[in-house]
Amino acid sequence: MAPTKAQLLDLWPIPGPSLTQYTAARWPGTSPESTATVRQYLQRDYEEHHGFFNYTSSGAHNHTPFHLLVEWALGGTSKHLDAIWDQHDDIERYAYRSPAAITTDTAFEHLGDRDYYQAYLHFFSDLLLKTPLSVVLEEWIFLAKANLDGKQPQMLNRLLDGILHPMLYLGYGIEFRYHILLHPLYDSCAQPFFGSLPGLIAEGLAQVAVHAATSSTLIPRSMFEAPTKRGPGTHAFSIVSRIMSDRAFENYVGSFDDLHMKLGQKIQSYAAEWLVDGANPQDIAKKVQELTFLNVMVYAVGGWCDGEGFHRAEFTLMHLLTSSMTLTSYMAVISSPTSKSLLLRAYFTRSVAYYIAQGRPELPIRSFFVAPILTEFPGPAVNPTASAFPDPTSPFAETPNLWLKIIQSALVHPDDHLCKVQRTLAHYGSLYGHIAAGEFKGTELKDCELVDGTLFVRTAALTMEWMGRIREGEPARFWGDDLNFLEAKIS
């Protein structure tokens with residue numbers, strides 16, 4: 001049954017402040033007007049649009065909520081949000097009634113069927129208005145009955161399908177959702193936190209339900225049945241280094257589905273060496289940091305070529321970057337240590353598989369980190385007066401913080417992925433930017449001792465250049481190999 005008008009207000013209240021100090025902060029610039037506008041459009045999208053805007057083999061996802069929320073969180077105006085709505089409304093598929101309602105008894109009867117998206121959306125919306133979020137996540141994503149029992153629903157597997165879009169939907173919903181409990185991720189943050197978008201969480205759970213469970217070899221039964229392993233395990237960098245040199249993955253050509261069918265067990269054997277103690281907040285923080293650096297490097301350093309520079313902002317690997325920011329939100333609200341470990345291990349396995357499916361791009365770390373950071377943006381020059389710090393002739397007198405240039409350029413770009421990328425990288429810059437070279441020394445990845453916190457501003461500046469700094473007069477450009485545009489194909 002569709003929500004009532006009163007329930008819709010409960011599903012789409014005013015978005016709250018940052019979930020925790022480890023999730024992205026809201027940039028200054030939000031206003032009563034922009035907040036009212038984002039709520040209006042989020043609710044309209046929930047009521048009017050399907051979760052996918054076409055039924056092609058790529059199954060393009062509805063990105064309206066992401067684009068609206070990120071631009072609002074970065075300080076976009078109501079006029080920006082109006083333009084975003086108009087852009088997406090032109091391409092979205094209108095919502096339509098499912099063949100039947102979903103109930104608790106029939107919830108696993110129509111998994112993977114997009115015709116039941118609307119029914120799952122209403123089912124989970126009703127559930128979230130009555131049940132604590134941590135209980136919903138445990139029951140419908142992590143428990144054995146949600147993965148192994150009966151018809152083997154494999155809900156954790158489905159969460160990571162579709163280039164991680166269900167995970168993104170649900171993760172963004174968690175970040176902004178209203179919820180009160182003690183922060184279980186870091187001991188120093190044991191205080192109440194608030195967020196506020198159960199409607200987006202419901203959309204995320206509906207996305208999970210209608211996606212396929214295509215990688216059972218990557219998330220095997222043993223992950224749920226075997227007790228959690230203890231010990232330091234192998235660093236994520238070292239595992240990727242071993243995969244890079246393994247000839248079993250050499251010259252792989254084929255779809256992601258083919259990969260996990262042919263090589264899934266081998267991938268899982270590597271990923272199984274990466275251990276997470278879900279009961280230890282410090283270990284969780286360390287493993288989230290590993291995943292953060294790894295997935296940004298796979299995208300950015302994997303797109304770098306010695307002597308050529310950044311030559312490939314690859315579409316699929318970009319989603320490893322954006323999805324990684326949801327991890328701290330998930331860790332903050334998942335109550336079970338076992339479930340925390342399950343999610344991180346499953347996500348790492350899936351990330352490694354996407355890296356292999358994209359050809360295991362080389363990671364020329366030395367060349368990437370010794371190159372100067374791209375600080376120059378095109379456009380009219382400013383004219384600092386004599387009193388400007390550090391002196392009026394310095395490039396730093398124009399804008400000493402490169403992030404300000406990057407964000408203001410991203411805010412006006414029409415691509416709905418770019419603002420997510422730059423917000424994610426800016427957050428990582430604030431969280432990890434201080435990390436000096438040597439942090440990862442001792443892992444097996446070549447030149448890992450050179451990796452430092454400049455990774456994020458380097459990546460953001462190069463991405464902005466690739467996509468086109470249209471505020472400064474450059475033409476817009478596609479992501480490399482964007483599945484939605486044939487023009488984006490890179491040989």
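**Stop 1: helix α3**

Select helix α3 and look at how well covered this helix is: 10 of its 10 residues are buried. This is a predicted model, so keep that in mind at every stop. Helix α3 runs over residues 64–73. Colour its buried residues, which include Phe 66, His 67, Leu 68, Leu 69 and Trp 72. Glu 71 is on that buried list too.

What covers the buried residues of α3? Show α2 (32–48), α4, α8 and α9 (198–210), which are among the covering elements. Now step past the end of the helix to Gly 75. Gly 75 follows α3 and has a positive phi, near 100°.

**Stop 2: the two domains**

Zoom out. Colour residues 5–210 as domain 1 and residues 220–490 as domain 2. The C-alpha centres of the two domains lie 23 Å apart.

Next, select the residues where the domains touch. On one side, 55 residues of domain 1 make contact, and they meet 51 residues of domain 2. How much area is buried between domain 1 and domain 2? The value is about 4600 Å², and carbon and sulfur atoms give 68% of that area. The size of an interface is often given in this way, as the accessible area lost when the parts come together.

Look for polar links across the boundary. There are 11 residue pairs in polar contact between domain 1 and domain 2, with both residues at pLDDT 80 or more. Now pick out the elements on the domain 1 side. Those giving two or more residues to the side that touches domain 2 are α3 (64–73), α4 (78–89), α6 (133–142), α7 (155–159) and α8 (161–176). Which of them gives the most? Helix α8 does, with 14 residues. Colour this side of domain 1 by class: you will find 31 nonpolar, 18 polar and six charged residues.

**Stop 3: salt bridges between the domains**

Side chains of opposite charge can pair when their charged atoms come close. Two salt bridges are counted between domain 1 and domain 2.

Select Glu 175 and Arg 423. Their side chains meet in a salt bridge, 2.7 Å from N to O. Arg 26, Glu 175 and Arg 423 are linked in a network of salt bridges.

Stay here and select Ser 329, in helix α15 (residues 327–333). Is Ser 329 buried or exposed? Ser 329 is buried, because its relative accessible area is 1%, and the cut-off for buried is under 20%. Beyond its sequence neighbours within four places, Ser 329 is in contact with Leu 19, Thr 23, Gly 171, Ile 174 and Glu 175. So you meet Glu 175 again, as a contact of Ser 329.

**Stop 4**

The whole structure holds 16 salt bridges. Select Asp 161 and Arg 350. Their side chains meet at 3.3 Å, N to O. Asp 161 is in helix α8 and Arg 350 in helix α16 (residues 337–357), so this pair links parts of the chain 189 residues apart. Both ends are out of the way: Asp 161 counts as buried at 10% relative accessibility, and Arg 350 counts as buried at 2%.

Move to Glu 273 and Arg 242. The closest N and O atoms of this salt bridge are 2.7 Å apart. Glu 273 lies in the loop between α12 (256–271) and α13 (281–300), while Arg 242 is in helix α11 (residues 236–244), so the pair ties together parts 31 residues apart in sequence. Glu 273 is partly exposed at 28%, and Arg 242 is partly exposed at 27%.

Now select Lys 286 and Glu 290. Their salt bridge is 2.8 Å, N to O. Both residues sit in helix α13, four residues apart, or about one turn of the helix. Lys 286 is partly exposed, at 43%, whereas Glu 290 is buried, at 2%.

**Last stop: strand β2**

Select Gly 309, in strand β2 (residues 309–310). Gly 309 is buried, with a relative accessible area of 12%. Gly 309 touches Gly 303 and Trp 304, leaving out residues up to four places away in sequence. The C-alpha atoms of Gly 309 and Phe 368 are separated by 7.7 Å, yet the two residues are 59 residues apart along the chain.

Methods. Residues numbered from 1 in each chain as written. Predicted model: local features only at pLDDT ≥ 70, side-chain atom pairs only at ≥ 80, totals over all residues. Heavy atoms only, no water. Domains from an automatic or database assignment. Contact = heavy atoms within 4.5 Å. Buried area = accessible area lost by both parts, 1.4 Å probe. Salt bridge = Lys/Arg side-chain N within 4 Å of Asp/Glu carboxyl O. Polar contact = N/O pair within 3.5 Å; in protein donor to acceptor, adjacent residues only side chain to side chain. Nonpolar A, V, L, I, M, F, W, Y, C, P; charged D, E, K, R; others polar. Buried < 20%, exposed > 50% of the residue type's maximum accessible area, 1.4 Å probe, protein only.
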